[in-house]
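Visitor: I would like to learn how to read surface patches and aromatic pairs. Can we work through one model together?

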Amino acid sequence: MFKTKTWISAARLRTLPLSISGIIVGTACAYPYYASNPHFSLIFLFAILTTLLFQILSNFANDYGDGVKGTDNENRIGPKRALQSGLLTKEELKKGISITAGLSLISALILIYLAFGREHFLTSLFFFVLGISCVAAAIKYTVGKSAYGYKGLGDLFVFIFFGLVSVMGSFYLYGQALNWCIILPAIAVGNLSISVLNINNMRDLDADKVVGKHTLAVKLGRQKAKYYHYFIVLFALVAFVVYAVFSAIPWWNFAFSIAYIPFVKHLIFVKNNIEPSALDSQMKVVALSTFLVSLLFSLALII
């Protein structure tokens, strides 16, 4: 029972709603065009499952990578990690990473088959390679000497995989086609996903600088990291509205923008923040607010 709780804690459940926001948005954007697809529901379910497994894999890998590098130490502000606290050994985490990677690839293969069948071999191959890339990106964020999270590239990879791949990729799964406007919600979800990472990096800025973890927040400095944060969040909120306008939804469906209120409060909090440890509470705020706005935006498109 103790180990079960430890693995659940290492999976960091609070990050999971954020990880599926792009799938929900991409599915809602595809619904008006491809709702007649006989596998629509199954594709959605396996897209969600695959994404959740990728996120859990990433969380296990981050726990391991930061633990062996010594980044997770007594100076860390956030919640204790499994390896850092000794609740899991390096060998146990490695095994957990391997099993989760295998399960995620199996789920991805089923998803690819549901979407493309046997008729679209090259497309299936491309998405399989994309799946492997997701696994590699999840692991290489903090693991290994060339971990990109330590070189300020975390934001770029989060934007690509949580935004572009998640939203545009899921849209493509339903009908093997893309609408150019889909780039707007993809950017929106990608930016809001980056904002969660940036909050984490602003919180840990001083500790990361000491151990040589050169996140974008470390490179920018605290004040410029705040300006960067304002930009990515506000750009995301505008992108959602612009896509809704292009989609010609009824004016009352713009009620999804009520979910903007937590973001406004959040930006005010960040502006006034002087104690980095206080930013820890904002990670949950932004993650859940991103999930909420994605859900309401998606319902507006479907209804």
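Visitor: Which helix gives the largest share of the nonpolar patch?

Guide: Keep in mind that this is a predicted model. Helix α13, residues 280–302, supplies the largest share, with three residues. The patch lies on the surface and is formed by Tyr-31, Leu-295, Leu-299, Ile-302 and Ile-303. Together they have about 470 Å² of accessible area.

Visitor: Where is Ile-303 placed?

Guide: Ile-303 is in the segment after α13.

Visitor: Is Ile-303 buried or exposed?

Guide: The cut-off for exposed is over 50% relative accessible area. Ile-303 has 77%, so this residue counts as exposed.

Visitor: Now the rings. What describes a pair of aromatic rings?

Guide: Two values: the distance of the centres and the angle of the planes. In this model the count comes to 21 aromatic pairs. One of them joins Phe-240 and Phe-297, with 4.7 Å centre to centre and 50° between the planes. That pair is tilted.

Visitor: Which parts of the chain does the pair link?

Guide: Distant ones. Phe-240 belongs to helix α11, residues 222–246, and Phe-297 to helix α13.

Visitor: Why does Phe-240 count as buried?

Guide: Because its relative accessibility is 0%, and buried means under 20%. Phe-297 is buried too, with a relative accessible area of 0%.

Visitor: Which residues form the aromatic cluster?

Guide: Phe-240, Tyr-243, Phe-254, Phe-256, Tyr-260 and Phe-297 form one cluster.

Visitor: And which ring does the charged end of Lys-213 sit over?

Guide: The ring of Tyr-150, 5.2 Å from its centre.

Definitions and conventions: Residues are numbered from 1 along each chain as its sequence is written. This is a predicted model: local features need pLDDT of at least 70, side-chain atom pairs count only at pLDDT 80 or more; totals for chains, interfaces and linings use all residues. Side-chain values use heavy atoms; hydrogens and water are left out. Patches are made of residues with over 30% relative accessible area and no salt bridge: like charges are joined within 9 Å, nonpolar side chains (Val, Leu, Ile, Met, Phe, Trp, Tyr) within 5 Å. Accessible areas come from the Shrake-Rupley method with a 1.4 Å probe; for residues, only the protein chains shown count as cover. A salt bridge is a side-chain nitrogen of Lys or Arg within 4 Å of a carboxyl oxygen of Asp or Glu. Helices (H or I, at least four residues) and strands (E, at least two) are DSSP runs, numbered from the N terminus. Buried means under 20% relative accessible area, exposed over 50%, partly exposed in between (1.4 Å probe, protein chains only). Rings of Phe, Tyr and Trp (its six-membered ring) pair if their centres lie within 6.5 Å; planes under 30 degrees apart count as stacked, over 60 as edge-to-face and the rest as tilted. A charge sits over a ring if NZ of Lys or CZ of Arg is within 6 Å of the ring centre and within 35 degrees of the ring normal.
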